[in-house]
Structures are given as C-alpha cells and as structure tokens.
Amino acid sequence: MTNQDHAHHRINHELLAAQAEALLSGQRHRIANAANLSALIYQELPDVNWAGFYFVEDDRLVLGPFQGKPACVEIPIGQGVCGTAAKLNQVQRVADVHQFDGHIVCDSDSESELVVPLVKGGFVIGVLDIDSPTAGRFSEADEHALTQLAKIYENSID
Ligand code: SME
C-alpha cells in the first residue's frame with residue numbers, strides 16, 4: 001500500500017464519520033440506527049463481506065441488524081471474536097481469523113475481522129462486527145475509524 005492509499009483511506013474515514021453523524025442524528029432508536037450504520041459501513045468500506053451488530057441479552061450476544069450473508073444468531077459471551085470483545089470490553093482486530101482460537105465461522109469468505117464493543121452507561125450492550133475476505137484487511141487507522149463510528153452510534157441512542 002502506498003502513502004497515497006493511506007491518505008485516501010484517511011479522507012474516507014473522516015467522510016464516513018461525518019456521514020454517520022448525519023445519518024444517525026435526529027433518530028434515537030437503537031435498531032433503526034444500527035440498521036442504517038451497518039448499511040453505511042457495508043456500502044462505503046471497500047473489501048468488506050459482512051458488517052453488523054450483535055446485542056447483549058443475558059449471557060449471550062444476539063444477532064442485530066447487518067449487511068452480508070445470513071449469520072449465527074447467538075454467540076455466548078466469551079466465545080468467538082465477538083464474544084471475546086464483549087467479555088473483555090476490548091476491540092479485537094484479527095488479521096487472520098483462522099489463527100484466532102475459538103473463532104466462529106459464519107461466512108467462510110471471512111479472513112480478517114474487526115470487532116468493537118458498544119458501551120452504554122458503563123455496560124457492554126453489544127458489538128459492532130466487520131468482516132473482510134482479505135487477511136490483514138484492517139489497519140490501526142481502521143480500528144480508530146470504526147471505534148469512532150461505534151461512539152457515534154452509542155451517543156445516538158438512549
Ligand atoms: N466470526 C464471529 C462471528 C460473527 S460473524 O463473523 C458475522 C466470531 O467469531 O465471533
């Protein structure tokens with residue numbers, strides 16, 4: 001990747017954040033905003049085969065709005081990349097999902113994955129999950145950008 005590509009990505013990230021702010025402002029419904037944000041991410045981020053939400057219910061994550069192929073409905077907290085992000089309240093940026101112990105295969109096209117926990121009122125309420133068919137797709141800059149989008153989402157809901 002050239003420096004120019006990096007600069008290009010950075011500009012897209014800023015644009016994406018501005019688009020997300022505009023899209024989610026004026027609407028505080030958590031499902032509606034999750035649906036629109038997953039659509040925005042899927043449309044705007046290149047080389048992504050799945051983008052969506054899981055929400056915490058009791059001891060598991062339950063599938064929320066997403067774009068991509070049909071996915072696993074329930075993930076126990078602490079399992080898979082999503083359940084690990086939720087349990088630890090830590091971003092999981094996985095360059096090669098086949099190297100992640102306990103990775104849950106939903107779409108066999110997925111090679112790398114970025115999962116950002118969603119926090120509201122001090123509690124993890126769910127995760128934002130992005131998958132790519134390319135190993136190592138997600139950079140540190142992508143992690144920052146998706147973390148920013150997760151914050152925009154958290155602030156947009158009650
Ligand atoms: N791979 C995830 C499961 C969710 S799908 O990628 C949509 C995981 O290991 O938690």
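## Burial and basis of the model

A residue counts as buried under 20% relative accessible area, as exposed over 50% and as partly exposed in between, with a 1.4 Å probe and protein chains only. The model is predicted, and local features need pLDDT of at least 70, side-chain atom pairs count only at pLDDT 80 or more, and totals for chains, interfaces and linings use all residues. Residues are numbered from 1 along each chain as its sequence is written, and side-chain values use heavy atoms, with hydrogens and water left out.

Leucine 24, with a relative accessible area of 2%, is buried, and its place is in helix H1, which spans residues 3-24; helices (H or I, at least four residues) and strands (E, at least two) are DSSP runs, numbered from the N terminus. Isoleucine 157, in the segment after helix H4 (140-156), is likewise buried, at 0% relative accessibility. Glutamate 21 also has its place in helix H1, but with a relative accessible area of 47% glutamate 21 is partly exposed.

## The disulfide and a further cysteine

The structure holds one disulfide, a term that requires two cysteine sulfur atoms within 2.5 Å. The partners are cysteine 72 and cysteine 106, whose sulfur atoms are 2.1 Å apart. The torsion about their S-S bond is about -115°, so the disulfide is left-handed. Because cysteine 72 lies in the loop between strand E2 (60-68) and strand E3 (74-76), while cysteine 106 lies in the loop between strand E4 (92-94) and strand E5 (112-120), the pair ties together parts that are 34 residues apart in sequence. Cysteine 106 counts as partly exposed, at 33% relative accessibility.

Cysteine 82 has its closest cysteine sulfur in cysteine 106, but at 7.5 Å that sulfur is too far for a bond. Cysteine 82 counts as buried, with a relative accessibility of 4%.

## The ligand and its surroundings

The residues around the ligand, meaning those with a heavy atom within 4 Å of it, are Trp50, Tyr54, Ile75, Gly80, Val81, Cys82, His103, Ile104, Cys106, Glu113, Asp129 and Asp131.

A backbone N or O atom of valine 81 lies 2.9 Å from an oxygen atom of the ligand, and a backbone N or O atom of cysteine 82 lies 2.8 Å from an oxygen atom of the ligand. For isoleucine 104, a backbone N or O atom is found 2.8 Å from a nitrogen atom of the ligand. The protein covers 99% of the 300 Å² of accessible area that the ligand has on its own, where areas come from the Shrake-Rupley method with a 1.4 Å probe. Strand E1 (50-57), helix H3 (80-88) and strand E6 (123-132) are the elements that give two or more residues to the shell around the ligand, and H3 gives the most, with three residues.

Isoleucine 104 is found in the loop between E4 and E5 and is partly exposed, with a relative accessible area of 28%. The C-alpha atoms of isoleucine 104 and glutamine 79 are 8.0 Å apart in space, although the two residues are 25 residues apart in sequence.

## Positive phi in two loops

Most residues other than glycine have a negative phi. Against that background, aspartate 58 has a phi near 55°, a positive value in a residue other than glycine. Aspartate 58 has its place in the loop between E1 and E2, and at 69% relative accessibility aspartate 58 counts as exposed.

Asparagine 89 also has a positive phi, of about 50°, although it is not a glycine. Asparagine 89 has its place in the loop between H3 and E4, and its relative accessibility of 40% makes asparagine 89 partly exposed.

## Distances across the chain

Leucine 24 and serine 156 are 132 residues apart in sequence, yet their C-alpha atoms are 6.2 Å apart in space. Isoleucine 157 and alanine 34, which are 123 residues apart in sequence, are 9.5 Å apart from C-alpha to C-alpha. For glutamate 21 and arginine 137, which are 116 residues apart along the chain, the C-alpha atoms are separated by 24 Å.

Definitions and conventions:
A polar contact is a pair of N or O atoms within 3.5 Å; within protein, one must be able to donate a hydrogen and the other to accept it, and residues adjacent in sequence count only if both atoms are side-chain atoms.
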